[in-house]
Amino acid sequence: MDSHSATGSTQTPTFPLSCPNTNTPPPPPPYLPHENQNPPQTNPETQINSNTKESQETESDHGVPIETSMATSKPRGGNKRKASQVWLYVTKKEIVDEFGEKDYIAICNVCKHEMPANPKRNGTTGIRNHLEKCEGNGLYKDNDSSQAMLTQDSFGGPMLCPKFDQDRLQRKCVEWVIRAEQPFRAVEHPAFKDFIKDLQPKFRIPSRKLVAKGVWDLFLMEKAKIMSVIGDLRVSITTDTWTSIQNINYMVVTAHFLDYEWSLHKRIINFIKITSHKGEDIGRVLDGCLSDWGIQKVFSITVDNASANDKAVDYMKRRLKSRGTLLLDGVHLHMRCACHIINLIVKDGMKDLISSIEGIRNCVRFIHSSPARLDMFRSVASLEKLDKMATIPMDVVTRWNATYGMLSSAFKYKDVFARMAEENEQFEAYFEELVTREVDGKKVQAKREGPPVEEDWARVVSFAHFLKKFYDATIKLSATKTPTSNLILSTVLTLQVEIENKLRDFQNPTLQNVAYSMKLKFDKYWGSIDDVNSIIFVTQALDPRYKFDMIELGLEKIEVGVFKIEQIKESIKQRFNDLLRAYKEENVEERPREVFVVDDSSAVRDEDDVEAMFRTQLMNKRKAIQRMEITNEVDKYLNDPFESPNNDEFNLLEWWKTNSCRYPILSKIARDVFALPSSTVASENVFSLGGRIVDPFRASLTPKMVEALVCSSDWLRGEDFKFYKEPTEEELEFYKELEEVEMG
């Protein structure tokens with residue numbers, strides 16, 4: 001029997017109860033201290049009597065200690081107890097619960113948060129816990145910001161945000177603005193502020209001006225990081241120009257390189273305003289950009305076929321030569337964009353089928369001109385047992401790959417369009433309308449082309465099948481995360497064979513005419529082997545699956561004579577030796593410890609000095625050995641076993657990384673050669689990003705801020721690069737000898 005029953009008390013206490021349940025903290029200890037006081041100290045001899053008296057006054061019928069939490073509550077005996085401080089910062093409100101019974105809640109005076117406050121079921125612990133976390137009231141406890149926070153991920157994953165850090169979170173906010181392409185004012189939106197307040201109340205949201213400053217600071221910091229690692233590399237460059245909605249001309253400069261882990265990277269290093277599109281002006285701006293980045297060594301510059309770009313590359317050639325960093329007199333510097341050349345070839349071929357293509361394009365325009373017409377098309381497609389949600393992508397007239405996609409999709413709906421032409425008056429009337437068309441180079445008023453007939457579909461389908469080879473080649477050469485320079489030669493030879501096969505196909509005169517037009521444009525850029533940049537032969541030979549075999553086989557397919565093929569192979573081998581010698585000299589310059597230095601100032605000039613003659617002969621012998629080593633490294637690679645061309649999992653860069661010790665100089669060439677981009681797609685893609693950043697709502701951005709946003713967005717998305725270089729066996733041996741000398 002408890003103490004309450006022992007006293008035989010018949011009076012029921014009027015204090016609010018604090019009964020335990022699943023939603024409340026455990027009951028307080030058996031004593032009843034006032035707020036923030038230590039437990040009372042009692043005499044052990046009187047402890048039993050004291051507990052008995054206390055139990056009569058403060059325990060409920062359940063034997064659970066209770067706390068006086070209201071000013072009006074009085075214990076037995078008339079002594080007024082101190083009310084809980086929580087009631088100073090909340091408002092108690094009477095409500096009616098879902099069962100129609102009277103209930104009580106406490107409402108925080110600061111945040112208006114509602115908490116249960118029924119005196120028969122709830123104590124003040126829950127209210128106190130809230131007030132200690134709610135900033136703005138007297139019970140708020142500001143936790144030490146240096147105190148580590150336990151996160152959910154610490155139970156099974158890495159610890160996230162162990163400490164509150166205003167600067168770190170502000171940087172993350174700036175990164176979000178950059179990567180999500182948000183306007184600076186996004187941080188001042190009320191919804192964003194409410195979200196951050198609930199997410200992390202301590203975080204002080206920066207203003208739009210602070211965000212703009214943060215973007216610029218981040219740009220400078222990331223630029224410094226990249227400059228610290230690519231300044232000494234030989235990089236390949238792609239560049240192109242673009243005009244924004246601000247009518248400002250921008251030039252994008254992208255650097256391509258391989259790190260010491262043989263991972264391919266690209267970085268937009270400039271998105272800069274230019275004054276004109278003249279070649280000399282482009283060259284001067286490009287030279288200034290590279291100088292600003294500290295880039296002295298350039299392996300190649302890939303540009304499209306505009307005549308201004310030819311002059312720009314010539315300007316860069318002169319500047320690099322004046323600095324003494326031009327490789328082999330710039331014979332490999334100018335690379336033409338392979339995808340741009342393919343684009344020009346295909347467009348010339350499409351001119352012979354413009355009427356049939358335009359008729360199909362008008363059909364697609366019709367179904368996309370209104371929702372009702374699209375529904376009409378889908379209903380007919382459903383009658384033809386085709387997808388009831390059918391649609392055909394609309395092409396972009398200036399982009400042949402988009403036209404190819406449209407033609408490939410439209411062909412399976414040719415019966416739908418034929419049925420619409422027979423049964424739908426609105427579809428027929430569409431092609432009877434007069435529009436402005438270009439006929440024989442003149443603009444005239446005429447009916448729309450179409451609708452296409454069976455002959456049009458047959459011509460377009462055969463052409464689309466032929467175009468697939470060029471479409472696949474463009475996709476392959478547009479890659480930016482894998483090397484493409486080793487694919488240029490084999491792709492060019494393959495396309496040449498395809499064109500010449502169509503020229504000999506007399507059963508299809510339509511494609512024969514198309515192939516003839518395409519061959520004329522092909523020969524303008526790739527017709528003469530002597531006019532093609534010889535580096536594409538070197539890159540093909542550096543693929544250990546093919547070496548010279550693919551070159552020889554491809555030249556045989558285009559009917560190059562045996563004697564000419566042997567000449568080409570010898571010239572490629574000579575190009576190998578030239579590159580190896582140039583890289584060997586650079587390697588010696590970078591490692592002066594390997595150079596035998598003779599102090600000419602103290603040398604005896606007497607022609608009969610035998611010692612001086614020995615030194616001269618020794619130096620000549622070493623140079624001869626160097627040349628022999630170079631030749632032997634080329635021969636070693638060419639005579640070593642091939643890798644299987646049927647291995648789908650073969651990784652070209654991984655192979656060279658593994659064999660870099662076996663071919664120390666050749667691997668340095670391979671690293672620069674495989675970073676060479678075959679197209680300017682990487683730079684052209686930046687214009688889409690630039691168009692989203694310089695939208696009509698942010699047209700007032702300055703060119704410098706536009707550059708910071710574009711470059712930073714690219715850098716934050718890029719993979720980290722590694723420039724820790726493992727020492728070679730030769731270097732380890734040198735360090736060992738050096739330690740022995742120092743210890744001896």
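Two strands count as paired when DSSP finds at least two bridges between them, and that is the idea to keep in mind for the first view. Every view here comes from a predicted model.

View 1. Seven bridges link β1 with strand β2 (residues 102-108) in the antiparallel sense.

**View 2. A five-stranded open sheet with mixed pairing.** Here the strand order is β6-β5-β4-β7-β8, and the pairing is mixed. The edge strands, β6 (264-273) and β8 (334-336), each pair on one side only. The twist averages 25 degrees from one strand to the next. Look inside the sheet for strand β4 (residues 234-243) and strand β5 (residues 249-258), which run antiparallel and are joined by eight bridges. A handy landmark is Thr241, which has Met251 as its bridge partner in β5. As a reminder, strands of a sheet pair through backbone hydrogen bonds, either parallel or antiparallel.

**View 3. Two helices crossing, α10 and α12.** Helix α10 (residues 354-368) packs with helix α12 (residues 400-410) at an angle of about 75 degrees, and their axes are 11 Å apart. Because of that angle, α10 is roughly perpendicular to α12. On the α10 side, the contact is made by Ile357, Ile360, Arg361 and Val364; α12 brings Thr403, Met406, Leu407 and Ala410. Sorted by class, the contact of α10 with α12 has six nonpolar residues, one polar and one charged.

**View 4. The largest nonpolar core, seen around Phe377.** This core has 98 residues, and those with the most contacts inside it are Phe377, Phe417, Phe470, Trp526 and Trp656. Zoom in on Phe377 and look beyond the residues up to four places away in sequence: Phe377 touches Ile367, Ala390, Thr391, Ile392, Tyr413, Val416, Phe417 and Met420. Another core of 58 residues lies apart from the largest one, and among its members are Val235, Ile237, Ile248 and Phe257. In soluble globular proteins, nonpolar side chains tend to be buried together.

**View 5. Ile572, a buried residue of helix α20.** Ile572 sits in helix α20, which covers residues 562-590. With a relative accessibility of 4%, Ile572 counts as buried, because the cut-off is under 20%. Beyond its neighbours within four places in sequence, Ile572 is in contact with Phe537, Phe548 and Ile551. From Ile572 to Phe548 it is 24 residues in sequence and 9.2 Å in space, C-alpha to C-alpha.

**View 6. Stepping back to the whole chain.** The protein chain holds 26 helices and 10 strands. Of its 744 residues, 42% are buried. Among the contacts in the chain with a separation of 6 or more, 66% are between residues 24 or more positions apart.

Key. Residues numbered from 1 in each chain as written. Predicted model: local features only at pLDDT ≥ 70, side-chain atom pairs only at ≥ 80, totals over all residues. Heavy atoms only, no water. Helix = DSSP H or I, 4+ residues; strand = E, 2+ residues; numbered from the N terminus. Buried < 20%, exposed > 50% of the residue type's maximum accessible area, 1.4 Å probe, protein only. Contact = heavy atoms within 4.5 Å. Axes fitted to C-alpha atoms, helices over the stretch in contact; angles between N-to-C directions. Parallel < 35°, antiparallel > 145°, perpendicular 65-115°, else oblique. Nonpolar A, V, L, I, M, F, W, Y, C, P; charged D, E, K, R; others polar. Core = buried A, V, L, I, M, F, W, Y, C linked by side-chain atoms within 4.5 Å.
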